[in-house]
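Today I want to go through the salt bridges. I'll note which parts of the chain they join and how buried the partners are.

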Amino acid sequence: MQRLDEAKRDAILQAAKQRLSQYGVKKTTMQEIAKDAGIAVGTLYLYFKNKNQILIAAAEAYVQQHMLDSNQILQSPLPAPEKLKRYLVNRFRAVQDHRLSGTHAAELARAVMRLKPELQEEESQVVRDNVAFLLKEGIKANVFKVENFEQDLKVFLYSIGYFFPKPTAEDHYELDEKSLEMVIEWFIRQWQG
């Protein structure tokens, strides 16, 4: 059995992401992805059987990056309020980068949701779990004073949800990082009492 090169796989995914964001799913072919990656089409098929597999792999790479970024922030020695702010600003930037990566971002998100609908729910759950972890960390360190944990968590997540619109929406409103920071800081002040 042939051992596949991880660097080549990453190069294929990078080429695919660029082409898909520029031209969309329907106007992108496996041949174009192979050409952009600088490999033969046959080699591409050793790594991915079709565009659907490439779309799923690209989405899973995005989720993996979220996990790596999250773990780095969550395990840092920073106080819980600073971790919470950094974590959410980092997520905001990643989402914005994706939304603004090309004219076909919403089309790509819809294609991924069609192929792997549970991915969005899993990603939402990870964000919820990470925010809950940071809130509990702040409570444990006696930095946050929260009377009703589940209610505060839910209200906070609804409040920041405005800054993370559905990735499948074509039209989106202008979002800015400073406003997100303002909302986070308001909650932190409430929790610090």
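This is a predicted model: local features need pLDDT of at least 70, side-chain atom pairs count only at pLDDT 80 or more; totals for chains, interfaces and linings use all residues.

**Salt bridge notes**

I started with Glu-185, which comes out partly exposed at a relative accessible area of 29%.

Next I looked up the partner of Glu-185: Lys-85 makes a salt bridge with Glu-185, and their closest N and O atoms are 2.3 Å apart. I then placed the two on the chain, with Lys-85 in helix α5 and Glu-185 in helix α9 (residues 177-192). That pair links distant parts of the chain, 100 residues apart.

How many salt bridges does the structure hold? I get 10.

Back to helix α5 (residues 80-99), where I also find Lys-83. The Lys-83 side chain meets that of Glu-137 in a salt bridge, 2.9 Å from N to O. Glu-137 belongs to helix α7 (residues 118-140), so I log another link between distant parts, 54 residues apart. Buried or exposed, I asked of Lys-83? Lys-83 is buried, at 4% relative accessible area, while Glu-137 is partly exposed at 22%.

Then I turned to Arg-19 and Glu-32, whose side chains form a salt bridge at 3.8 Å, N to O. Arg-19 sits in helix α1 (residues 6-23) and Glu-32 in helix α2 (residues 30-37), so this pair ties together parts 13 residues apart in sequence. I checked accessibility here too: Arg-19 counts as buried at 15%, because the cut-off for buried is under 20%. Glu-32 is partly exposed at 27%.

Last entry: I traced shared partners and found Arg-19, Glu-32 and Asp-36 joined by salt bridges into one network.

Definitions and conventions
Residues are numbered from 1 along each chain as its sequence is written. Side-chain values use heavy atoms; hydrogens and water are left out. A salt bridge is a side-chain nitrogen of Lys or Arg within 4 Å of a carboxyl oxygen of Asp or Glu. Helices (H or I, at least four residues) and strands (E, at least two) are DSSP runs, numbered from the N terminus. Buried means under 20% relative accessible area, exposed over 50%, partly exposed in between (1.4 Å probe, protein chains only).
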